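Opening the notebook on this one. I wanted to go through the core first, then a helix pair, and jot down what turned up.

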Amino acid sequence: MAGFDTIATPVGLLIGIICGFVPLGIGIYYRHLRPGIMGFFACTVSGFACGFFGGIPMILLSTSVVVSYVYVNRQDPFTSRKSIEEVDFAETNAEFVLRQTAAFGRTLRAMSYGILRNKGGFIGFVGILFFLVLTTFGPLFIEYEGQPRMDRRLPGAMTLFQMPSSEHILGLDFQGRDVLSHIVYGGQTLIITAIETGLMATAIAVVFGSLAALLGGIVDQLLSALSNFILTIPQFPLLLVLASILDFDSHFMLAVLLAALSWPALMRAVRAQVLSLKARDYVEAAITLDLGMSHIILREVFPNMVSYIAINFIFAIRGAMYALVGLVILGMVPLREPDWGIMIWNARSRGAFYNPDAVMMALAPIMAIALFQLSLILFTRSLEEIFNPRLRSGL
Amino acid sequence: MSAASVPGRENSASGTFSKRLKNLTSSYMFRVIIQGLITIWAVTTFTFVLVRLLPGNPVDIRIDQLQNQGYTYEEAVRQAAGLYSFDPDEPIFSQYLRYISNLARGDLGVSITSAGTPVAAQIMRFLPWTLISVGSALVISFSLGILIGVMMAYWRGGVLDNVVTALASILSGIPDYVIAIVIILVGGVQLKLFNVGEMRGGVDPGIQGFTLEYVASVIKHAILPVTTYVLATVGTWILSMKSSTISTLGEDYIHVAKARGLPERRILIAYVGRNAMLPLVTRLAISIGFVLGGSVIVETFFEYPGLGLQLSRAVASRDYTTMQGIFLVISIAVIASNILSDLLIGWLDPRVSLEDK
């Protein structure tokens, strides 16, 4: 599948353009050209960046934005904007999907306005975007240096370390390689693994959490006991042991492991959320009407939790990245270069910490990790404010 | 009053006893403690199996080392077998039974790689350092967070508030090991504020007895890890205290207190601060449990002799019994602190009833 291996290749660009025709087509058909064209560009860029993994999610996002502009309620076309939120029990599944897509698109639009107006959120968003662009499109402009470059030793210098110069903006590492090239290439595996972990952990948490809350009884008790158990064991020490048991050829296994350990907190929150949603009138009405479990989960409970889940998804990404880099720094996971964590590990084991000339080799990956984590937390915090207006006055 | 001396009372005494037993089994404490014990057993069993799944047992690792030192295989096997009181060929189930029955008697076993040292003694040697460093960091960062959080909430909107809130956001977003490395790089190497090499370990070597000099040395060595932990956690405390205070400020009793003309200071301390602290106190109780887990990475970077460093060494040398012992201690701490936080919130805030849960 043309996934992450098509990063910034012509194939990816092609995928992106093809994906872009979906929102563009819808936009042209319904005569909302501007959102259509914007969707086309968004799809092209993200498809160019990540192939299908970037293109298909972007189709969903941009199409729902376009749909939110064009949404028309057949029964009552004049109040259609308002009717996005109105529940109509007679509507068909297709109409429901359309309405939910419109609602989702509207949430996205509100979110982007909110982010633009919120200082911290905007900085966080720009930061995340910066690192995504750096790791996906950076390789187009900067060549990776994997081999030692002995020829770069300065006359009279003891080591190959170098401070930043106009030629090498971030200096040279212990083998005389360009630090900037390692920063550009070293984020990919880390970010992809963290996103995979976040996706898996969120999926497990949402499924288990809603099952526990809706089914109750023995299922609830078992799942709650399991989550309590995992929460009780100290996470990082356990990871330390597990990481040396399993042989990690692929970062995917590592993501599975991290996800298996990081779902319980979110699962508890989802369970509590579903329990409180379950007690609300409209869900009780749906239960009384005997509308079926899938209807209740997908139509009544899930749409009310999307923002909450999105925030926790980013939290899971953050946690995964923290643990991942931590394991690599301790030398417990044999990941391959280039990788930010391995840069730090190398810097530590090659004495770059204590060599004033080598400061860039250690500082550059640290700054990259810190800034990425910081952007994520600023972004999530402002998302929380946008979704939860009660916080807005405070922070 | 003895029930046996009065024959007629015997019945009623046994009646109150069974009633008491029933009260006991249905009480919240009892359920919680039984649950805790079951979780501890589950964690123990889990780590027991897990640890034995690690590739390579301690004897094999030692044999490898000896062979690298030039011994033949047979010699290495004989030496390693004599060195460790551990038989890798013993069935895992009989190992488990022996371990559990020893554990029930309070015996954590003997460290495999440093033969002759009981695990309990090893834990007792490393535990104080983690308690000192992470514990004092927790206290400092909690108190700082509470103070700054209340002030920021009370005078919110000002320049100071914006600066401190932004700073707290930044601090809460940076991982602790990044802070540790930055402290070493910037403070130790670039600015030469301190000598990183001298700051290693828990105390300067060669200081005997519990003297003032000893205490000073302990503090000196704890400064770097404590600073790291405080910086890594204080931001979160500030932000949550601030938002908790803001929601408290909107409560009716604050308006009433202001209407009664109480002095500002008194409202801030007795009315706002105490109520806003409630949710944070339970979180403090929960984080006490994670104190023992320490921070493996930070302790490794500063070579601070705490449980985390000990654990990572035990993992590297496959010291089964030490790993199990450390996991057991940490899990007990986590469970105990969870129970503590439940009890604490019930005691501090009577609105939360434990029996409802």
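This is a predicted model: local features need pLDDT of at least 70, side-chain atom pairs count only at pLDDT 80 or more; totals for chains, interfaces and linings use all residues.

The largest nonpolar core has 164 residues, and the members touching the most others are Ile183(A), Trp340(A), Phe353(A) and Phe301(B). I checked which element gives the largest share: helix α15 of chain A (residues 359-387), with 14 residues.

Next I looked up Phe301(B). Setting aside neighbours within four places in sequence, I found Phe301(B) in contact with Ile329(A), Arg348(A) and Phe353(A) from chain A, plus Tyr177(B), Ala180(B), Ile181(B) and Ile184(B) from chain B.

Back to α15 of chain A, where I picked out Ser375(A). Is Ser375(A) buried or exposed? Its relative accessible area is 6%, under the 20% cut-off, so I put Ser375(A) down as buried. Beyond four places in sequence, Ser375(A) contacts Gly124(A), Gly127(A) and Ile128(A).

Then the helix pair in chain B. I have α6 (residues 119-154) packing on α11 (residues 264-291) at about 150°, axes 10 Å apart. That angle is over 145, so α6(B) counts as roughly antiparallel to α11(B). The crossing of α6(B) past α11(B) is right-handed.

Who makes the contact? On the α6(B) side I listed Thr130(B), Leu131(B), Val134(B), Gly135(B), Leu138(B), Phe142(B), Ile146(B), Val150(B) and Tyr154(B). From α11(B), the residues include Glu264(B), Leu268(B), Met277(B), Leu280(B) and Ile288(B). Sorted by class, I get 14 nonpolar, three polar and one charged for the contact of α6(B) with α11(B).

Key:
Residues are numbered from 1 along each chain as its sequence is written. Chains are lettered from A and ligands numbered from 1 in the order in which they are written. Side-chain values use heavy atoms; hydrogens and water are left out. Axes are lines fitted to C-alpha atoms, for helices over the stretch in contact, and angles run from 0 to 180 degrees between N-to-C directions. Helices (H or I, at least four residues) and strands (E, at least two) are DSSP runs, numbered from the N terminus. Angles under 35 degrees count as roughly parallel, over 145 as roughly antiparallel, 65 to 115 as roughly perpendicular and the rest as oblique. A crossing is left-handed if the near helix is turned anticlockwise from the far one by less than a right angle, and right-handed if clockwise. Contact means heavy atoms within 4.5 Å. Ala, Val, Leu, Ile, Met, Phe, Trp, Tyr, Cys and Pro count as nonpolar, Asp, Glu, Lys and Arg as charged, and the others, Gly among them, as polar. A nonpolar core is a set of buried Ala, Val, Leu, Ile, Met, Phe, Trp, Tyr and Cys residues joined through side-chain atoms within 4.5 Å. Buried means under 20% relative accessible area, exposed over 50%, partly exposed in between (1.4 Å probe, protein chains only).
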